[in-house]
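Look at the structure below. This short report covers a sheet, a core and a surface patch.

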Amino acid sequence: MEKKRNEIILSGLTCSNCAAVIEDKINKLPWVEEARYNLATQVLTLDTGGADLKPGVMEELQILVDRVEEGVTVMGREEAREKELQPRQGGFSSLLKRLPEIAGALIFFFLILTEGSITLSRGISISLFALAYLLIGRTVLISALKNILQGRLMDENFLMVVATIGAFAIQEFPEAVAVMLFYQVGEYFQDLAVDRSRRSIRNLLDSKPGMVLVKKEGAYSEVPPEDVLPGMEILVRPGGRIPLDGVVLKGKGTVDTSALTGESYPREVSGGATVLSGFVCRESPLEIEVSHTLEESAYSRIIRMVEESSGRKARSEQFITSFARIYTPVVVVSALLMALVPPLLLEGALFSDWIYRALVFLVVSCPCALVVSIPLGFFAGIGTASRHGILVKGGNYLEALNKIDTVVMDKTGTLTKGVFEVVSIDPAPGTTEEELLHLASEAETHSTHPIAESIRKAWIKTSPLVTLPESDTVVEFPGRGIQVTLEEKTISLGKPSWISEITGTDLSEKESLIGTVVALAGGTEYLGSLSLADTLRPDAAEAVRNLKKVGIREIIMLTGDSEKAAAAIAAELGITSYRANLLPEDKVAALEELVLQDRRTAFVGDGINDAPVLARADVGIAMGGLGSDAAIEAADIVLMADEPSRIVTARRIASRTRKIVLQNIIMALGIKAAVLGLAALGIAGMGLAVFADVGVALLAVLNAMRILLFK
């Protein structure tokens with residue numbers, strides 16, 4: 001049975017440990033086949049056995065989540081989107097929610113500021129400090145108690161409670177309250193930074209269309225986009241975003257494709273043209289017949305793919321997750337040994353002194369800075385790439401892109417446009433260029449061959465195409481050419497060798513030309529020839545140049561085209577290594593040779609024809625994925641614009657992401673190691689310990705957000 005995909009938002013869930021517990025508990029529900037939570041997007045994906053979610057499931061999930069983590073709201077995708085569009089609550093309502101913490105903070109500051117000026121009995125002083133502590137740390141205490149009852153000890157709430165209650169035990173009352181206060185303030189700003197970074201990333205991706213103008217009985221009415229079905233006719237006004245994939249029925253103008261390709265260069269469309277959701281209609285209205293539902297439209301698929309991509313963890317993310325599971329228990333055991341062993345072994349060592357050091361040690365130990373900021377960093381990199389028309393299917397591929405030393409590129413459709421164009425016209429004496437092109441376009445009127453279409457396009461640029469009279473005949477000579485009768489005159493068009501046989505003219509020099517040569521004869525008279533070639537993409541040379549600048553050791557071109565054509569393109573682009581006359585399996589064999597040489601390879605192809613080699617490369621990159629389901633399925637990275645230079649952009653985004661993720665790892669581990677060492681020596685206090693926990697986490701999240709600034 002086909003799995004049913006349901007997406008639920010767990011708003012406010014930022015603790016990676018809690019997220020793992022919630023995911024595990026939901027996976028154990030009898031009606032759930034698989035549950036996956038994405039910390040970066042807060043999306044919980046549920047796969048069920050082909051059924052819709054049963055009534056009351058949101059309430060059931062809310063109860064389950066509340067048992068693990070307070071303050072997390074379970075809501076549907078649409079509800080979450082509407083909530084994000086609403087103004088954020090602030091002012092008085094926000095203060096009311098935090099009234100206990102504010103009251104506790106006021107009591108604490110009163111006690112600190114009046115110390116020495118107002119004399120309080122020791123019992124009252126301790127009671128007020130305890131009241132302030134309970135008010136400020138109530139949420140932490142409740143969460144820790146819940147976790148203890150469920151057998152989960154090694155999380156940040158447990159560590160903070162142990163550390164602060166320990167401070168009370170050794171009569172460090174002001175410090176215990178201060179640590180809880182600073183921790184809560186730090187957590188608040190950390191959550192704020194994480195939430196803001198998530199919003200920034202989602203703003204790059206998520207823009208669901210509003211109401212759609214659908215034609216019904218000759219008039220247009222507004223309909224929600226999810227209710228529009230294939231076959232319906234819709235109207236998109238100038239300046240409006242095309243909400244669903246479809247085909248233009250009426251209208252002519254340009255569309256802005258930047259939402260999908262990252263390139264705002266206008267694309268001309270008219271009747272019969274395919275348009276995709278996310279395009280913006282510019283200067284004239286378009287009537288469109290819908291071809292896909294909202295869920296299956298290009299823009300929705302891209303958003304979904306980018307969100308799912310953060311589920312494919314990079315090696316750095318996997319390392320940090322595993323590291324955190326080992327690191328925290330080791331630190332807790334070390335803190336326990338620090339509190340007990342020195343006072344027993346060292347002469348003059350006090351239990352109160354070493355317990356305090358151990359408590360500082362505990363506060364520092366939480367690895368939140370790593371487990372939150374690193375997944376967020378990779379997701380920011382993926383989101384930034386999508387803004388530039390580059391779809392990366394996972395953090396693992398973004399990370400792998402940094403290690404690539406060899407880029408292998410297909411020729412046709414990748415470095416070249418994959419479309420023949422008339423590059424030269426060589427008429428025989430007595431015939432003009434215009435006459436020759438006109439005659440060739442008339443002869444090719446009924447043909448659907450790519451070469452015929454290219455000849456017709458060349459003629460259309462100069463004047464309207466003349467339609468063949470119905471009485472004219474067309475005879476095809478497979479592998480040679482065609483003969484047509486035009487106004488009682490026989491016109492032959494095809495390979496130079498065939499035209500030589502008809503006319504007796506030596507055309508051997510035409511056979512040696514690069515590209516495709518089409519010769520014409522009128523009866524037995526040679527009329528001239530047209531040269532067609534697959535032209536380079538405008539940015540192909542720039543891409544090859546810049547790939548070398550970003551550290552690519554070698555660029556290799558593989559093609560099924562002739563040796564002659566391959567050599568010409570390679571020379572023009574400055575590619576020194578190439579192979580020609582290759583079948584798809586030959587390309588795979590060529591890549592295998594590179595793998596045996598310990599090369600890290602990226603293969604760049606133009607879609608499904610290159611699927612075998614795309615799959616075999618360390619990173620498969622598909623060119624021209626705009627609307628191509630096959631290309632999106634086959635590749636690890638999809639370039640939505642037909643521009644090989646985007647490979648360089650992808651490499652630079654990958655490099656920036658890696659640099660910032662490494663900065664976060666070094667910063668977090670470095671500061672924690674330093675403070676842990678200072679704590680062991682008795683130099684670091686609780687304040688510095690709190691900074692090494694939530695302060696470093698906040699800095700790491702803010703640093704991860706810098707990836708979004710890439711230009």
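In this predicted model, 3 strands form an open, antiparallel sheet in the order 10-9-12. Strand 10 and strand 12 are the edge strands, and each pairs on one side only. Strands pair if DSSP finds at least two bridges between them. Strand 9 and strand 10 are joined by 3 bridges. Thr 254 stands opposite Glu 268 in strand 10.

Strands are DSSP runs of E with at least two residues, and helices are runs of H or I with at least four, numbered from the N terminus.

| Element | Residues |
|---|---|
| Strand 9 | 253-256 |
| Strand 10 | 267-269 |
| Strand 12 | 280-281 |

Residues are numbered from 1 along each chain. Local features need pLDDT of at least 70, and side-chain atom pairs count only at pLDDT 80 or more.

Now the inside. The largest nonpolar core has 52 residues, and Val 177, Val 360 and Met 686 touch the most other members. Helix 13 gives the largest share, 9 residues. Such a core is a set of buried Ala, Val, Leu, Ile, Met, Phe, Trp, Tyr and Cys residues joined through side-chain atoms within 4.5 Å. Buried means under 20% relative accessible area, exposed over 50%, and partly exposed in between (1.4 Å probe, protein chains only).

Last, the surface. A nonpolar patch there includes Val 333, Leu 346 and Phe 351. Patch residues have over 30% relative accessible area and no salt bridge (a Lys or Arg side-chain nitrogen within 4 Å of an Asp or Glu carboxyl oxygen); nonpolar side chains are joined within 5 Å. Helix 12 gives the most, with 7 residues. Leu 346 counts as partly exposed because its relative accessibility is 47%.

Methods:
Heavy atoms only, no water. Patch = residues over 30% accessible without salt bridge, like charges linked within 9 Å, V, L, I, M, F, W, Y side chains within 5 Å. Areas by Shrake-Rupley, 256 points an atom, 1.4 Å probe, with all protein chains shown as cover.
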